[in-house]
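Please keep the sequence and the model open while reading.

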Amino acid sequence: MELRIENLTKAYGRKVALRNFTATLSSGIYGLLGPNGAGKSTMMKILTENLSADKGQILVDGIPSDKLGADYRALLGYMPQQQGLYPHFTARRFLYYIAGLKGMTKSRATEEVERAAAMVNMTEYLDKRLGTYSGGMKQRILIAQAVLGSPKILILDEPTAGLDPKERIRIRNLISQISMDRIVILATHVVSDVEYIAKEILMLKDGCLISQLRPSALLQQMKGKVFEICVPEDRVEEVQSRYLVGNIRKDETDRIWARVIGNQKPNEAQAQEVMPTLEDVYLYTFEERMPEGGSL
Ligand SMILES: Nc1ncnc2c1ncn2[C@@H]1O[C@H](COP(=O)(O)OP(=O)(O)OP(=O)(O)O)[C@@H](O)[C@H]1O
Ligand SMILES: [Mg+2]
């Protein structure tokens, strides 16, 4: 299946939240990466028909979504960024409720609720009230509601928000497992959520799609732009204002090393090129402030 997104544009009043967003997606995980306010949720709301675009269209295998109508909506599973859960509902009741909204018959709903719950490892907690769940359990149930009915296009808006690192990894692996034969679009501003599982990363900045590349290609682009320099304690502040600094660490002998991102090797003692990570790509791409030293 091919999902083609063409020229999606949306303004809220005078604020343009999405500008000519164009992309072609096939099965696999796509990481939609961008800082707060970049337009990720706006894109996802339009894709799921929770918001109408000012301009542009969506095509599935060449057929426009407005022609497909209900058939298009049946292809979609959506986990919104902010979703309240009724604390007094049990997970089972909540999932039945969503299955009903998706138009499933009672017997189909029963099958699907069991299947989705098993998928997210929540079978044994289905009859507990949602109010008693941990953050990770809530996120898993929200993913379960999105996969009810086996939608071919899964849209997850910050599915790991607010989770501790262990739960983050679990949710990430879970998403990776359920991505077979599906298009999964996952919005986040946390690089590690998509670093290892995404087929491609879509970078969104001020409503514009600025790149759509495989993680390996992004890393390739950063080659020769990331360095470590040894910094005396009294220069830490100066170095931070002079360069784009990713990370500062102390080694076992208490020497301070700063990870510096820029187009040229910094003219500093013991500067050495290091392997770029996606975190470096993110910083380099989304840093607003140009350091004084003009190293970018
Ligand atoms: N209902 C609205 N009314 C007015 N402005 C809005 C509305 N929704 C979003 N915006 C603005 O549109 C821009 C894009 O917002 P959007 O929620 O799509 O960003 P996002 O990338 O999802 O951000 P976040 O990472 O914080 O979730 C922001 O500047 C936001 O303030
Ligand atoms: Mg958002």
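A side-chain N or O atom of Glu 158 lies 3.3 Å from an oxygen atom of ligand 1, a polar contact in the sense of a pair of N or O atoms within 3.5 Å. The protein buries 64% of the 630 Å² that ligand 1 exposes when taken alone; accessible areas come from the Shrake-Rupley method with a 1.4 Å probe, and for residues only the protein chains shown count as cover. The model is predicted, so local features need pLDDT of at least 70 and side-chain atom pairs count only at pLDDT 80 or more, while totals for chains, interfaces and linings use all residues. Residues are numbered from 1 along each chain as its sequence is written, chains are lettered from A and ligands numbered from 1 in the order in which they are written, and side-chain values use heavy atoms, with hydrogens and water left out.

**Ligand 1**

- The shell around ligand 1 holds 14 residues, the closest being Asn 36, Gly 37, Lys 40, Thr 42 and Gln 81; a residue is near a molecule or strand if one of its heavy atoms lies within 4 Å of it.
- The side chain of Asn 36 places an N or O atom 2.8 Å from an oxygen atom of ligand 1.
- For Gln 81, a polar side-chain atom is 2.8 Å from an oxygen atom of ligand 1.
- Strand E2 (15–25) and helix H1 (40–47) each contribute at least two shell residues, and H1 gives the largest share, three residues.
- Helices (H or I, at least four residues) and strands (E, at least two) are DSSP runs, numbered from the N terminus.
- By type, the shell has four nonpolar, seven polar and three charged residues; Ala, Val, Leu, Ile, Met, Phe, Trp, Tyr, Cys and Pro count as nonpolar, Asp, Glu, Lys and Arg as charged, and the others, Gly among them, as polar.

**The four-stranded sheet**

- Four strands form an open sheet in the order E12-E13-E11-E14, with antiparallel pairing; two strands pair if DSSP finds at least two bridges between them.
- Strands E12 (244–250) and E14 (272–273) are at the edges with a single partner strand each, so one side of each has no neighbour in the sheet.
- Strands E11 (residues 226–231) and E13 (residues 256–261) run antiparallel and are joined by six bridges.
- Ile 229 has Ala 258 in E13 as its bridge partner.

- Arg 168 belongs to helix H7 (residues 165–177).
- With a relative accessible area of 16%, Arg 168 is buried; buried means under 20%, exposed over 50%, and partly exposed in between (1.4 Å probe, protein chains only).
- Neighbours within four places in sequence aside, Arg 168 contacts Thr 160, Leu 163, Val 190 and Asp 193, where contact means heavy atoms within 4.5 Å.
- Cys 208 sits in strand E10 (residues 208–213) and is partly exposed at 27% relative accessibility.
- Residues up to four places away not counted, Cys 208 touches Arg 19 and Met 203.
- Val 16 and Cys 208 are 192 residues apart along the chain, and their C-alpha atoms are separated by 9.9 Å.

**Positive phi in loops**

- Ser 150, in the loop between helix H6 (135–147) and strand E7 (153–157), has a positive phi near 50° without being a glycine.
- At 33% relative accessibility, Ser 150 is partly exposed.
- Asp 181, also not a glycine, has a positive phi of about 55° and lies in the loop between H7 and strand E8 (183–188).
- Asp 181 is exposed, at 61% relative accessibility.

Key
Polar contact = N/O pair within 3.5 Å; in protein donor to acceptor, adjacent residues only side chain to side chain.
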